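Open the model in your viewer and keep the selection tool at hand. We will take the whole chain, then stop at a few residues.

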Amino acid sequence: MSSTNDNAVQARYDINEMPPVGEAVLLGVQHVLVMMASNVTLPIVLATAIGATTGETAFLVQVALLVAGLTTFLQTVGFGPVGARLPIVQGTSFGFLAVAIPLAQDYGIAAVFGGAIFAGLVQVTLGFSLRWLQVLFPPLVSGIVVLVIGIGLLPTGMALYAGGNGAEDFGSWSNLGLATFVLVVMLVLYRFGRGVLGASAVLISLVIGYLVAIPMDKVDFGAVGDAKWFAVPMPLEFGLDFPAAALIAMGAMAIATSVETIGDLSAITKSGAGRQVTDKELSGGVVADGVATAFASLFSALPNTSFGQNVGLVAFTGVMSRHVVSIGAGFLVLLGLFPKLATIIAIMPSAVIGGAAVVMFGMMLGAGIKLLAESPLDRHDMLVIAVSVGVGQGFAAVPDAVALMPENIKVLLETGIVPAAVLAVVMNLTRPKPAAGAPLDVDTPLADPEDSPDKR
């Protein structure tokens with residue numbers, strides 16, 4: 001086993017280290033299970049909103065899996081300046097869904113994919129610019145972004161814990177009990193498990209929870225019988241369209257997604273490797289996000305982005321090996337080609353996933369705190385945190401506060417991430433300079449009036 005250069009963080013496997021094959025496969029599958037629910041739920045939500053047929057819905061789910069696997073390879077393996085070469089998992093972006101549904105309803109689903117190509121170009125441009133804009137994201141700003149991402153994910157995790165939004169038995173004793181059972185099994189395995197048992201705690205707890213859910217009548221295998229054994233999706237199934245509204249809305253969301261990706265990259269290197277993300281990793285990661293989003297459009301898949309829950313999984317297990325995630329990407333590609341197998345995983349009850357998700361999302365919050373604790377915080381730093389998190393997350397918690405804003409601006413404010421990042425960057429760049437010999441650190445005691453020269 002290898003360790004990082006930070007004594008406070010001990011990685012089970014370093015970024016370029018390959019675990020034994022059997023263990024690597026288990027760890028790769030673990031990443032797939034953690035991200036599966038989010039990745040397949042979003043295309044289903046879009047399909048339902050536009051009244052898609054059963055066949056169209058199945059196609060959207062299939063390409064979501066296939067594209068997630070291919071674009072994850074882009075992040076972990078890299079191609080020239082594209083890719084962070086970190087254990088980053090790509091998947092269907094939740095942020096873009098907020099603008100994709102109204103666009104699909106007003107202009108057709110082809111407009112969503114046309115706008116996404118433009119969004120990808122925006123992200124690629126931002127990614128190549130980050131090498132010169134690194135000064136905008138010191139640990140203070142990165143920590144705030146990661147913290148807001150973690151806070152924003154917690155309601156989603158708890159919704160899964162209670163059975164999933166829209167479930168008829170949402171919040172029932174059976175859902176809460178099942179999720180708690182998964183959580184307890186995971187924590188026990190993590191605490192007392194050794195080697196692969198501890199590293200695979202999430203995978204094992206999910207499998208056990210799935211098996212327990214079957215006799216509880218929470219798993220419906222009907223969809224498995226309807227799914228095809230093998231299918232190769234064809235590109236441009238729904239075509240492309242480029243109305244101005246789609247370009248503006250999707251381009252604006254590209255900015256929000258890029259900020260979120262910056263947060264994920266910062267979190268995974270800090271929590272998993274005990275170091276700051278490098279300029280090359282930051283730039284390559286955001287560029288890959290843009291390429292992934294544009295590539296997804298060609299296969300009629302929704303925009304792709306880095307998945308925070310998998311960042312939390314890396315922080316939880318300490319497995320930083322990008323090769324493990326590459327194996328997970330291979331499984332995603334296979335699932336995209338064998339829809340019946342994908343459906344078996346996709347029908348896993350939300351409560352089972354929620355038992356692990358609350359921890360994964362909480363680990364993101366912890367990674368943000370760790371970044372903020374990089375150095376002593378002075379009075380201005382505390383003010384930056386207070387305003388950025390308070391206003392940014394406030395908009396996310398109470399979206400009605402910006403209901404009267406223009407639609408494109410409202411969507412950005414409701415993310416919570418964009419206003420928090422903008423406020424943090426601006427306030428950090430405009431920090432006051434301390435007077436000569438007068439540090440701003442909040443821990444610096446005030447001078448005792450009795451010690452002043454006038455009192456001597």
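Begin with Phe 307. Set aside its neighbours within four places in sequence, and Phe 307 is in contact with Met 35, Ser 38, Asn 39, Val 89, Gln 90, Gly 91, Thr 92 and Asp 264. Select them together with Phe 307 to see these contacts. Bear in mind that this is a predicted model.

Where along the chain is Phe 307? Look in the loop between β2 (304-306) and α12 (308-317). Is Phe 307 buried or exposed? Buried means under 20% relative accessible area. Phe 307 has 5%, so it is buried. Glu 260 and Phe 307 are 47 residues apart along the chain, yet their C-alpha atoms are separated by 9.4 Å.

**Zoom out: the whole protein**

Show everything as a cartoon. Follow the chain through 18 helices and two strands. The C-alpha atoms fill a box of roughly 90 × 55 × 45 Å along the principal axes. How does the radius of gyration fit a compact globule? For 456 residues, such a globule would have a value near 23 Å; the protein has 22 Å, so the two agree.

Next, colour by burial. Buried residues make up 54% of the 456 residues. Then colour the charges. There are 19 positive and 30 negative charges, and their mean positions are 8 Å apart.

Contacts are worth a look too. Take those between residues at least 6 apart in sequence: 82% of them join residues at least 24 apart.

**Helix α8**

Select residues 201-213, which form helix α8. How far apart should the ends of its 13 residues be? At 1.5 Å a residue, the helix should span 18 Å; the end C-alpha atoms are 18 Å apart, so the expectation holds. Now pick out the buried residues of α8: Ala 201, Val 202, Leu 203, Ser 205, Leu 206, Gly 209, Tyr 210 and Ala 213.

Stay in helix α8 and centre on Gly 209. Gly 209 has 0% relative accessibility, so it counts as buried. What does Gly 209 touch, not counting residues up to four places away in sequence? Select Leu 178, Val 182 and Val 352. Gly 355 and Gly 209 are 146 residues apart along the chain, but 8.9 Å separates their C-alpha atoms.

**The end of α12**

Go to Thr 317, in helix α12. Thr 317 is buried, with a relative accessible area of 5%. Its contacts, leaving aside neighbours within four places in sequence, are Arg 12, Gln 30, Tyr 190 and Ala 199.

Most residues other than glycine have a negative phi.

Select Asp 217 in the loop between α8 and α9 (222-226). Is Asp 217 buried or exposed? Its relative accessible area is 67%, and exposed means over 50%. Asp 217 is therefore exposed.

Finish at Ser 300, in the loop between α11 (279-298) and β2. At 0% relative accessibility, Ser 300 counts as buried.

Terms used:
Residues are numbered from 1 along each chain as its sequence is written. This is a predicted model: local features need pLDDT of at least 70, side-chain atom pairs count only at pLDDT 80 or more; totals for chains, interfaces and linings use all residues. Side-chain values use heavy atoms; hydrogens and water are left out. Helices (H or I, at least four residues) and strands (E, at least two) are DSSP runs, numbered from the N terminus. The radius of gyration is taken over C-alpha atoms; the globule rule is 2.2 Å times the number of residues to the power 0.38. Buried means under 20% relative accessible area, exposed over 50%, partly exposed in between (1.4 Å probe, protein chains only). Contact means heavy atoms within 4.5 Å. Lys and Arg count as positive and Asp and Glu as negative; His and the chain ends are not counted. The place of a charge is taken as NZ of Lys, CZ of Arg, CG of Asp or CD of Glu. The expected span of a helix is 1.5 Å times one less than its number of residues.
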